[in-house]
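Student: Hi! Could you walk me through this one before I set anything up?
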Amino acid sequence: MLDREQYLAVLAAEVAAFLPACERAGFSAPVPPCPGWSVSDLVWHLTEVHHFWSWIVEGGHASPEGYERPARPTDHGALAALHDSTARHMIDVLAAPDPEVPVWSWSDDRTVGFVLRRMAHETAVHRIDADQASGSPAEMDASLASDGIDEFLEHFLADGSAAVAAVGGSVHLHCADAAGEWTVRPAANGWDLTREHAKGDCALRGRAIDLLMVLWRRSPLSMADVVGDAAVAERFVAVSSLQ
């Protein structure tokens with residue numbers, strides 16, 4: 001994991017880069033990683049996400065009950081302005097409390113630190129979505145992408161024995177350009193995640209950004225080097241719980 005100041009710096013940088021990437025693409029352009037979405041939809045989605053988590057943290061809420069989402073502007077300029085003000089407010093909100101302060105989350109980790117890490121990665125992935133809408137390749141600092149893989153494996157693997165049975169094997173992931181190795185093994189009611197070099201039924205190796213985009217189903221599995229049982233790798237990516 002990165003530390004608090006690093007996540008805040010990432011968040012500030014990604015917020016600053018997001019709208020310019022959207023403007024390069026054009027608000028009416030489709031977003032290839034998000035079928036059916038326009039860039040305007042992407043801006044609205046991230047605005048809603050930032051607004052919600054700002055409300056959770058600023059109010060110290062222990063439940064999402066009582067939250068009221070803002071109205072979506074119909075004008076692209078007004079939408080961009082709302083996104084900008086909401087994102088900047090979120091940064092201020094997340095910079096204030098100690099990361100260990102308890103707040104509601106859908107994760108087992110119910111702290112401000114979880115929200116800060118989640119918002120850094122949420123914003124970074126959607127900035128990449130905007131870049132790809134304008135025809136630019138997916139790029140991210142390798143250490144941040146490696147942390148994104150770690151966060152994904154912690155919080156977005158599909159739960160339950162049915163998902164494990166559907167995959168039918170273990171998976172090893174290995175970043176080629178940054179520190180980061182994980183092995184995910186079937187367990188009684190989910191997955192056993194270890195951060196180690198170990199043999200799995202299949203292995204996915206490649207640049208951290210490519211592995212991250214494969215896990216988020218932004219890129220095809222062919223972007224990674226797959227060793228061993230490719231069918232296990234395909235099923236593993238397919239059952240991930242994307243919230």
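Tutor: Happy to; we'll go from the overall fold to salt bridges and then to surface charge.

Tutor: This is a predicted model, where local features need pLDDT of at least 70, side-chain atom pairs count only at pLDDT 80 or more, and totals for chains, interfaces and linings use all residues. Residues are numbered from 1 along each chain as its sequence is written, and side-chain values use heavy atoms, with hydrogens and water left out.

Student: How many salt bridges does the structure hold?

Tutor: There are 18, each being a side-chain nitrogen of Lys or Arg within 4 Å of a carboxyl oxygen of Asp or Glu. One of them joins arginine 127 and glutamate 14, at 2.7 Å from N to O. That pair links distant parts of the chain, helix 4 and helix 1 (residues 4–25), 113 residues apart.

Student: Is arginine 127 buried or exposed?

Tutor: Arginine 127 counts as buried because its relative accessibility is 9%; buried means under 20% relative accessible area, exposed over 50%, and partly exposed in between (1.4 Å probe, protein chains only).

Student: Nice. Which residue forms a salt bridge with arginine 88?

Tutor: Aspartate 84, with the closest N and O atoms 2.9 Å apart. Both lie in helix 3, four residues apart, about one turn of the helix. Arginine 88 is partly exposed at 48%, and aspartate 84 is partly exposed at 27%.

Student: Switching topic: which residues are linked in a network of salt bridges?

Tutor: Arg117, Asp147, Asp150, Glu154 and Arg195.

Student: Last one: where does aspartate 108 lie?

Tutor: Aspartate 108 is in the loop between helix 3 (76–95) and helix 4 (112–133). It counts as exposed because its relative accessibility is 75%. Asp108 also belongs to a surface patch of negative charge with Asp98, Glu100, Asp109 and Asp159. Patches are made of residues with over 30% relative accessible area and no salt bridge, with like charges joined within 9 Å and nonpolar side chains (Val, Leu, Ile, Met, Phe, Trp, Tyr) within 5 Å.

Terms used. Accessible areas come from the Shrake-Rupley method with a 1.4 Å probe; for residues, only the protein chains shown count as cover. Lys and Arg count as positive and Asp and Glu as negative; His and the chain ends are not counted. The place of a charge is taken as NZ of Lys, CZ of Arg, CG of Asp or CD of Glu. Helices (H or I, at least four residues) and strands (E, at least two) are DSSP runs, numbered from the N terminus.
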